[in-house]
Each structure stands twice: as structure tokens, then as C-alpha cells.
Amino acid sequence: MSDTRRRVKVYTLNEDRQWDDRGTGHVTSSFVERLKGMSLLVLAESDGSLLLESKISPNTAYQKQQDTLIVWSEADNYDLALSFQEKAGCDEIWERICQVQGKDPAMDITQDPIDESEEDHFEEIPETTHLVELPPCELGRLEEIADLVTSVLSSPIRREKLALALMNEGYIKKLLGLFRVCEDLDNREGLHHLYEIVRGILFLNKAALFEVMFSDDCIMDVVGCLEYDPALVQPKRHREFLTKTAKFKEVIPITDSELRQKIHQTYRVQYIQDIILPTPSVFEENFLSTLTSFIFYNKVEIVSMLQEDEKFLTEVFAQLTDEATEESKRRELVNFVKEFCAFSQTLQPQNRDAFYKTLANLGILPALEIGMDDLQVRAAAIDIFSYLVEFTLLKTLIVLGLKTEKTEFLGFFYKYCMHVLTAPLLANTAHDKNSKDNFQTAQLLALILELLTFCVEHHTYHIKTYIMNKDLLRRVLVLMNSKHTFLALCALRFMRRIIGLKDEYYNRYIIKGNLFEPVINALLDNGTRYNLLNSAIIELFEFIKVEDIKSLIAHIVDNFYKALESIEYVQTFKGLKGRYEQEKDRQSQKLNRYRRDARSLDEDEELWFNDDDEDDEGETVERRMDEDFSDSYEKFMEAKKGKLRRCECIQLPGNL
């Protein structure tokens, strides 16, 4: 089959809670007589064999995850998943499943946490009765508890029931008490079971459970349980790292105890997510979505609390702008601002704008100017600038400068700030080579180029002078070789804005530097692939053709047409050649006019010779006429030669 929309991989969950790949094929939904209902069928693309035949049951809970994944359970211990190559195919099959079950396709799960078959059962059970009967919290029952926790993870309904039971009985603190006992007894088997239990509880994905587990009196025991992964020969020493190696530095003393506790908690939970827990599979990512949200909202709260503490921030910036501040202290302060900006990414747009306006009012730009000779300070300052550019603070400031005291503001900006902004770009493109092409660097450079493109659009003298002095466009076009297409497009967009101004000063700069070469090389290297880069480059040359920018057209045709004439899927380059030929014809016509002027001199000369003087004054008069003729003829020829020389000078441009 050639339809990639329905192309899928079939996965099943094995006993070790790992997903096994059962093969790749194409999925359809059709009525199967034997199963007496609509079913999902997957035929292997290799040999057409049947990989999956699954009836769409009205009571089965199907989940759609990440736009290309459908997961469900057919029995207590048999979980299935279809991973689609394309979102469109996933949407089609999801709509068919929802149609069979009579559910809304806009939902990501077809069954409520408690389905209809269980609602009747609930009506018969008193509210105080637990949905899942937990074993007594004893050392001898840890294996049983671990089996129970891991067995419910595949069923959303059973996860809900277990989470409710754990909360109602205060079970988590009892488990952590057993952990301390097991560690005192060096009971490795019990510690391994506790690892599975705590990991499973985290995967229940319940905020109410996290509030208990990540409280001050529980979180280090949770970290301790997660040290005893059964797959490891020796346990990790995460608690030792968190309590002894990782040091909490207060660049300015934090007097708010609630804020300090929130910072500690956020760091430790982030550590659990990023370092301790294994990377979740594509099917397990949703299990930790609430953990991600927990960290997210903690960061929002931290930023808000710091932002509201005017005394704290004022002191930070006072020390940053004080030239007497020690270098080590300045590094800590700049790194703090960097972390502060990183946390601010969690804010809503309006709150983020307020945050950056606060930084602007406190003097973020002049504060970063001091101490830039220190490599660590410079590196942190560059990261801060990347956040500022990303969230358009500088753009807002520049627009503000356009509205009020433009000359004074731009003079300050280009003298004291622009070189800091462009430092990563100039450093990365030294020697006409893109020295670092990793994703993080590419993102930073793309943000810088976005701001520079804005400057080209809205400034004239300042940015033009800066581009010429730094040969900035040449350095930017080095990035056309980046493996990251988005960065190459940013570089091209910068050049496109410059050419869009139709400024001959810029045009001469481009011609003199032969700056079309990297663009044309990128077009040729892209080959016949019809993609965004191809379209953007073609649009650049199409603009030059339509706007009839003569100097650039002549340069492109004279220097690159042989390389471009084979491109025939668009008429852009043939159009450029046509414009070029038209201009040559116009120049030729001008040249012909000058030549006609030269020929008129010959006609005047002939008329002069044929002019008969009817006055007959004798030989004396004839001799005087001969002498006069000689003098006049010499003067005439000198005048003629001078005019011809001027014609030759005029002809030269047409012959270049």
C-alpha cells in the first residue's frame, strides 16, 4: 500500500512493562463477521500477513496520545498500541473508534475514569469503602504491594482507584517509614520492592499524591527509595549529592522562608524527573504529565514571589551595576539573573511582559555591560540576551526608542549594546566557518538574526553603518551552510530584508563582496528538493527580477547564470536573463544615438567642402581663402577628434 496515512507500528506491552514492536503495516477499520462487530485490522507491509485483528468494544477505554498514538487494553494483562506515521491517519481511526462507541472525537480518552459497568457497582458500596483493597503496610507484604501498584498502570480506571486508596489511608508515609526500616536492616529485597512501589506511585500521575511525596518531611525518603533500582549492582547516591554536593547559594539573602522552601522543593523534584527517573517511553510520557505541571507551577510561583520582592531585586541590580563588586560575586549575580530568566519562560505572556519590563526598569542592559571581560560573565550574559530577544524585550525597547528620543536612544543602543548582542554571531562565524552548529547555538543565533532583521527594517543609518563596518552580511551568510534549515532561513531572511530596501549603497556592498555566492551554493546544494529553503531563495531572485534592480541583475547574470540556467522548473532565472538583455539593448540604442551624432559631423564636413563661394576676388583672395581653409580645417579636425574622443568615452560602459 502506498497510503502512508494509515501506516502504523503495532506494539504490545510485555510482562516487564516494556513495549515490544510487533511489526509495521497498514491499518483499516471494517466489520468482521467472525467477531460480530467493527474491528481494527493491521496487515503487514512486508508480506500482507495479519498483525492485528481487534474488535472495537463499546466498553474499552481507548486513549489518543501525542497526535499519532492510540493505546488500549484488551484484557487485564494485554495492552496494545498503534503508532501512526501521520497525524491524519491517527485522526481517521480515532474518529472511527469514537463513532462505534458513540463518543466525542475531540476527547483524548473514550471512557470516563469510572465506566458505566462500574457505576452500578459503586452505588451498592458505601462511600467509605475503598475501591482497591491495599495490603497491610508491612515488610512481609512489600512484594504484594509492588505487584499491585505495577499492575494498575495500564488501566486509567484502576489507577484512579489506587490513587484514592493511597490518599485515604495515609499509605505513603507508612511506606516511607518501612523504607527507613529496610535501609537500617540493609534489606535489599525490600528496598528493591520499594523502588518499584514509589516509581509506580509517581506514574499514577496524581497531584494530590505529589503534594505528600514532595513535602519537606517526605521528599528525601522518596529520593532514597529511588536509589535502589533493582537493575543496578550498587545503589546510586542521590541523597548525598542533594545534601552535600549541591549547594544552595543565596547571592542576596532570601528572608521569605516559604520562597526558600519552594526553591528547594523545585530543584529536588526537577532532579527526580531529569536525573533519577528513567526516560519514559513514548507510551509512558503522559504518566508524568502532572509531575511536569507540578514543576511548572512551582517555577511560576517562584518568579512571581521574587518579582514582588522589590527590595530583593533592587539589591541584586545595585550590586551588578557597582563596579566595585568582586568578580566572583558578579558571576553569582549574573548566573542568578540567568536562572531567573529561565524560570520566567513559565509565565503567561502578559506576566512575562511585566517581568521583562521590571528588568528593563531596573537597568538590565547597562548592568550586563560591566564585567564582560570575564568569560563566565560573558557566557551567562549571552544566555540572558537570548531570553531577552526571544521574548522581544529588546524589540520593545527599540520600538520605544523609535517613538521617543530616537537619535539619543539608538546612539546609546548601537554604541553600548549592539556589540554584545552580535558577539555570539561574530564569534561563531569567524574565518568564514560555522564553528558550532548544535541546536542550542542555532536557536540563539536565530533569535539574534530576528532582532537584526528588525533593525534593518526600522533603522537606516545606524544599522547600515554597523553592517558595513563589521561586514555583517558576509558573516550572517556563513550560516547558510548550517545543518539546521531554520537557521539558514533566518540568514536568508536577513539578506532579503536588506535587498528589499532597494538601497544602492547596500547593493554595491553585496556586489563588491560577491555575497550572492553562498545563497546560490545553498540553492544548488538543495538540488531538486522542493522545500521551504528552495522557495525562499527563488522568491529572493524573483523579487530582484520584478523590481528590476539593474545592478544586482547584471551582477547575477554575469557571474552566476551558467550555474543557474539549468533550473527550468521556474522561469525566474530566464526572466533575469531577459531583463539583462533588455537593459543591454537599451544601452546599445543609446550608443547608436551617439554614433549618429558622430556621423553628422562627417555630413557637415562634406557640406563645408561643397560650399561654393561665388565671390571672385582674384588670386590674392584665393590664396587668403586657401590659408583660411588650412587654418579652419585644422581647427575643424581638432574639434572633430575631440568629439569622437568623447563618443569613445561614452561608448565604454556599453562595452563592459
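A patch here is built from residues with over 30% relative accessible area and no salt bridge, and nonpolar side chains are joined into one patch within 5 Å. The model is predicted. On its surface, L139, V181 and L185 make up a nonpolar patch of this kind, and together they have about 250 Å² of accessible area. L139 sits in the loop that lies between helix 2 (116-123) and helix 3 (142-151). With a relative accessible area of 36%, L139 counts as partly exposed, because that class lies between the limits of under 20% for buried and over 50% for exposed.

Strand 7 presents another setting. This strand covers residues 78-84, and five of its seven residues are buried, so strand 7 is largely enclosed by the rest of the structure. Its pairing with strand 1 (residues 7-13) is antiparallel and rests on five bridges. Within this pairing, Y11 has A81 of strand 7 as its bridge partner.

The model has two cavities of 30 Å³ or more. The volume of the second largest cavity is about 30 Å³. Its lining consists of I172, L175, L176, V198, I201 and M213. Which helices each supply at least two residues of this lining? They are helix 5 (171-185) and helix 6 (188-202). Helix 5 gives the largest share of the lining of the second largest cavity, with three residues.

Methods: Residues are numbered from 1 along each chain as its sequence is written. This is a predicted model: local features need pLDDT of at least 70, side-chain atom pairs count only at pLDDT 80 or more; totals for chains, interfaces and linings use all residues. Side-chain values use heavy atoms; hydrogens and water are left out. Patches are made of residues with over 30% relative accessible area and no salt bridge: like charges are joined within 9 Å, nonpolar side chains (Val, Leu, Ile, Met, Phe, Trp, Tyr) within 5 Å. Accessible areas come from the Shrake-Rupley method with a 1.4 Å probe; for residues, only the protein chains shown count as cover. A salt bridge is a side-chain nitrogen of Lys or Arg within 4 Å of a carboxyl oxygen of Asp or Glu. Helices (H or I, at least four residues) and strands (E, at least two) are DSSP runs, numbered from the N terminus. Buried means under 20% relative accessible area, exposed over 50%, partly exposed in between (1.4 Å probe, protein chains only). Two strands pair if DSSP finds at least two bridges between them. On a 1 Å grid over the protein atoms alone, a cavity is a set of points where a 1.4 Å probe fits but cannot get out, and a pocket is an open set with protein on both sides within 12 Å along at least five of seven lines; lining residues have an atom within 4 Å of a point. Grid points are joined across faces, edges and corners, and a volume is the space filled by probe spheres set on the points.
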